[in-house]
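Please open the structure in your viewer and keep the selection tool at hand. The tour below goes from stop to stop, saying what to select and what is there.

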Amino acid sequence: MAAEQEKKKPDIFTDCVFSFVPCKELTDGLITELSQSIVKYGGIVLPRETSKPNKLVPLKEVTHIVANSIDFPQYDEATSMMIPVVKSKWISASLAKGRQAQIRPFTPDPRMFFSEVVLSCADIPPTDQDAIIGATMAMGGMDSENVTKLTTHICALSMDHPKCQLAVQKKLKCKIVLPHWFDDCFKLGKRIDEGPYLLPDPEYLRANPEDAIQVPSSQHLEGATSARPDYLPSHSADLVGTRPTITAFNGVKVLLSTDLLIRDRLKEIIRGLIKSGGGEMVDDVEACDWYICQYRDGPQYVRASQTGKTVGNLSWLYYVIAHNKWTSPFRRLLHYPIPRNGIPGFEGMKISVSNYGGEARIYLENLINATGATYTKTMKSDNTHLITARESGEKFEAAKDWGLIIVNHLWIEDSYAKCEKKGETTNKYVHFPSRTHLGEVIGKTFLDEERLRTLYSPGGPEKLTPLSKRKRKIMDKTDANSYSEGPAEGVTIGRQRHKSLTVMTDTDSEYAQKTTEAFGVAAPAKRRASTQFTTPAKGRHVRTGKENETPSTVSSASRSAKDKALNRLSVLAPDIALYEKEKKRGQKDGHGPWGGKRAADQIDRENLNRSRSGSSPVASEEKEAKTDKRPAKKARPTLPDVNMRVVLTGFQRWVNDKHREDADRKKLRDLGIAVVPDGQPCDYLVAPHLVRTVKFLRNLSKGATIVSSSWIEDCLDKKQLLDPQDYVLKDEENEKKFGIKLTTSVRRARENKGKLLWNIPIYCTNNIKNGPAGYQAIAEANGAIFMVYGTRSGTTIKPTRPEEDEGGPDPVYLLSNTSPEEKKLWKKFEAMATNGNMEPRIVAADWLLDVVMNQEVTFDEKYLVTNFFD
C-alpha cells in the first residue's frame, strides 16, 4: 500500500534543478526543509557549500534559482538566460496547487510591487474591476474569483458584500481595502501602506487631509543617503567583538580610482578589509572585478563600464562592507558614480524640501546637488521648486502663493535615474495621497542601466577578453528580455522549463498529454484545423473558481511578444476608450463635421459588404463580369490656404449653440478664414464694440486690426469672403467713454511691438476682484514683470540706497482693492519699495486696463486706491 501511494505521488518538479541563494530571510534551516520537499516531488537540488556562502551559482546546470532578494552577483546573468528567480514561497505554492505555480507573482524583484498579492473584488463596478485586476496582475499579483485562505486583499466599498462578511466570519487574514488604495499605488508606481484604506472604518474617508501623519522610518536608505560618505561605517558585530571577515570580497579584485581623493590611511584600512576577506587590490582596470570611483567619466570608468565590470562609488563599497553582502550599485541612486556636471536641465534651479525628515531629507539634499541644482534649506520667493511629501505645511502654502513648482520626490528620483529632466506636470509627480506620507516609498527607484551606457559609455572597445565579451553579451540580453516601459520597466521574468512541446510535429493526442502533464490541463482539441493561415480568434478569460487557475504558466512567465503587447495595450487604453466614445456620438440633424456615429455606421456597413462579397468568390466574379467597372472614388476636395487668422471676442451668434458654431467654423475655413484661440498669432480681432476683455486687450497689444463682428456674419450669410477693411470697427460712443481713439491705439500698439510696459514691475494681490490671472495675461502681453503679492511674499526688490542708484526712483505698482486683507499688505509693500529706492503706487486695476487700452503709459492720482474707491 505504501508503495502504491509513493507511486501515485505527483512529480511536480520533474526535470527541475534548483539552487538556493541564502540570505537573512532564507536561512540554512529553511533551505534544508525546502530541499527535502523538492527532492520528494521529483526535483534536484544542487549541493551547497555552507563554508562558502558567496560561491557562484552554476547557471548552466540549474533551471530555477530560489532567492528572496535580487542582491546576488549573478542575478542579471540569470535573467539574461531566462532562468526563473523565485522566492521560497513559490515552492510552497506549487506544492499546494499540485503543479508548478506561476513565476510572475513570486519574483523577488521589488519593482513588481504587487507580488504575493492575491486579490478578490467585491462590490466594485465591472469596468473598475477589470482595470484593478489587470493592473494588479501586471505588477505581480493574482486574481481570485472566490475568497480563500490564500486571498490577501479584498477590494470593496463597504463591508456589506458576502465576500467581506465571509472573511470576517472565518477570521481570514486578508485585508479589506478601498479601491482608492489600488488607484494611488498605480498612480505613484509604488506600493504604499494599506492602513488608511482599511475597512470598516478607513481613515482615508473620515480624516481631515491636513491632519498630522507620522513620518515613516527610512531604513531602506541606510548607507545610501550620500554619494560621498564621511566615514567608514561600523559592522553590527563590532559592538561585541572584532570586525568579522568580509566574505563578500572572496575572490574579488578591486580598483580604487584616483578621483576618490581618500587619504592613504583610509585606503590602507580598505585594503586590509579586502585582503582579509579573500580579495585583493589591483591597479589595472583590465584586471579588476569592481571599479570604485566618484564620477561617471574618465577612460578607466568608460573601459570598466564597457567591459561589464561592477562599477560603484565609495558609498556602495561601504555598504558592502557594513552588510557583508553584494548588492547591485544600480539599485540605489547614490551607490553609483555621480555625473560631474549634473543632469541637463537642472542648471540654475533652486529646490527646497518640505515634510521629509531624518535620512530622507539628507538623501534628497544630496540627490538635488548631484543633479546640478542648488538645494536651499530655507525657501524664498526666488526658489524654483518645492519637493514635498504632503500637500500641507508653511512651505507648501508659501510655494502656492509664490507660484513655485510643487512636486513629490519621485520627480527628482526619476530624473536622476533616467539622466534627463522629467516633466513636472506628470500625474505621478503631483499626486499626493491624502493620508499617506510619501516618505514610505523614497529611495526605491532603480537607475536605468541602458540609459547610463548610452550616455556615459557608448559603443564598445574593439578588443575584449573572452570574459568581457561574455559579460557584455549578458548585459545586452538582460536589456532585451526586460520590460521596456511601464511601472515594471527593467524587470525580467524567467521562463520555466517543461517537457519538449513541438507543436508542428506532435500529434493531437501527444500534444494534449504533454500539456496536461506540464500545466495541469489539456490543450485545445483543435490546434490547426487546416494548412491555411487564419486570423486567431479573440481569447476569453474564464474563471474556474480557484485563484488564477488558467493554463498560462508558460505565456505569463516568458518574455514573449504577448507581454510587450499587453504593455503596449495599457498605453493605448485611453485612445481606445476615446474611440469607443466617439463612435457613440450622434448628430441631432444628421449634418455637421464627419465622425462619430455616422463614420462608425458607414465603416460597419462597408465591412459587412466586404464580408458578403468575400464569402463567395465565384459569385463575386460572375457579378463583376455582368456589371460595369466601378468608377473611381472622387478625391476629397482640399481646403483652401488660410489667408486670415482671427480671434473672436464678445461674439453673440454662437452663444448656447454649439452645432451652429461648428458648422460656421467649417464654412469660414472653406473661405480661407481660420478662427484661432486666444494667444496664437492673429491678423484680425473681431469684436461687436470696444470692450475691456482679456482677449481684446491682449490682441490689441499685438497690433491686430480690429474689425466689427458684422464682417464675420456677412461672410457667413453671403457665403463669400468680404474685404475686412470695409468693416474696421468704429465705436465713437465707447471711445468717448474710455477716452481713447481706437485708430491711434492700434498705431501705437504696432509701434510698441508688445513692449509698452517693458520691464515695469507690476504686483497684484491674490484676492483682487476676478483674480490675478487675467491681469497677468494683459500685463505680460505688454512686456511687464508681473508678480502676485501675498502675506507670505518675501522681499523681491533688492534693497538699494539712493546714492547707489544713478537715476531717480522708478515707480512700482500694486494692483489692489480696499478689502481688509489687502489693506494689510499696503504698508509692507510700501516699505519694500522704499528700501529698494522705488516709488510705490498702489492703484486700482483700472489703471492697467486704461493704459493698455490707450497703449500709452500715463499716471494720474485718481487711480490710487485711496482716491479711486472713495
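Buried means under 20% relative accessible area, exposed means over 50%, and partly exposed covers what lies in between, with a 1.4 Å probe and protein chains only. Helices (H or I, at least four residues) and strands (E, at least two) are DSSP runs, numbered from the N terminus. This is a predicted model, in which local features need pLDDT of at least 70 and side-chain atom pairs count only at pLDDT 80 or more, while totals for chains, interfaces and linings use all residues. Residues are numbered from 1 along each chain as its sequence is written, and side-chain values use heavy atoms, with hydrogens and water left out.

Begin by selecting strand E20, residues 705-708, where Thr705 and Val707 point one way and Ile706 and Ser708 the other, all of them buried. In a regular strand the side chains alternate between the two faces of the sheet. Tyr684 stands opposite Thr705 of E20. From E19 the chain passes through helix H23 (residues 694-701) to reach E20, in a β-α-β crossover that is right-handed, which means that, with the strands pointing away from the viewer, the path from the first strand over the helix to the second runs clockwise.

Next, select the open sheet of four strands, whose order is E6-E5-E7-E8 with parallel pairing. Strands E6 (142-143) and E8 (175-177) stand at its edges, each with a single partner strand, so one side of each has no neighbour in the sheet. Helix H5 (residues 126-138) packs on this sheet and touches E5, E6 and strand E7 (153-155), and its direction makes about 175° with that of E5; axes are lines fitted to C-alpha atoms, for helices over the stretch in contact, with angles running from 0 to 180 degrees between N-to-C directions. Contact means heavy atoms within 4.5 Å.

Which residues touch the most other members of the largest nonpolar core? Among its 85 residues, they are Ile154, Tyr356, Ile412 and Tyr416, a nonpolar core being a set of buried Ala, Val, Leu, Ile, Met, Phe, Trp, Tyr and Cys residues joined through side-chain atoms within 4.5 Å. Helix H12 (residues 359-371) supplies the largest share of this core, six residues. Another core, of 39 residues, lies apart from it and includes Leu700, Leu729, Leu756 and Leu849.

Now turn to the aromatic rings, of which 24 pairs are found in the whole structure. The rings of Phe18 and Trp90 have centres 6.1 Å apart and planes at 40°, so this pair is tilted; rings of Phe, Tyr and Trp (its six-membered ring) pair if their centres lie within 6.5 Å, and planes under 30 degrees apart count as stacked, over 60 as edge-to-face and the rest as tilted. Phe18 lies in strand E1 (residues 17-20) and Trp90 in helix H4 (residues 89-97), so the pair ties together parts that are 72 residues apart in sequence, and both residues are buried.

Finish in the loop between strand E21 (761-765) and helix H27 (772-781), where Asn766 lies. At 43% relative accessibility, Asn766 counts as partly exposed. Not counting residues up to four places away in sequence, Asn766 touches Pro772, Val788 and Tyr789.

Note on methods
Pairing = 2+ DSSP bridges.
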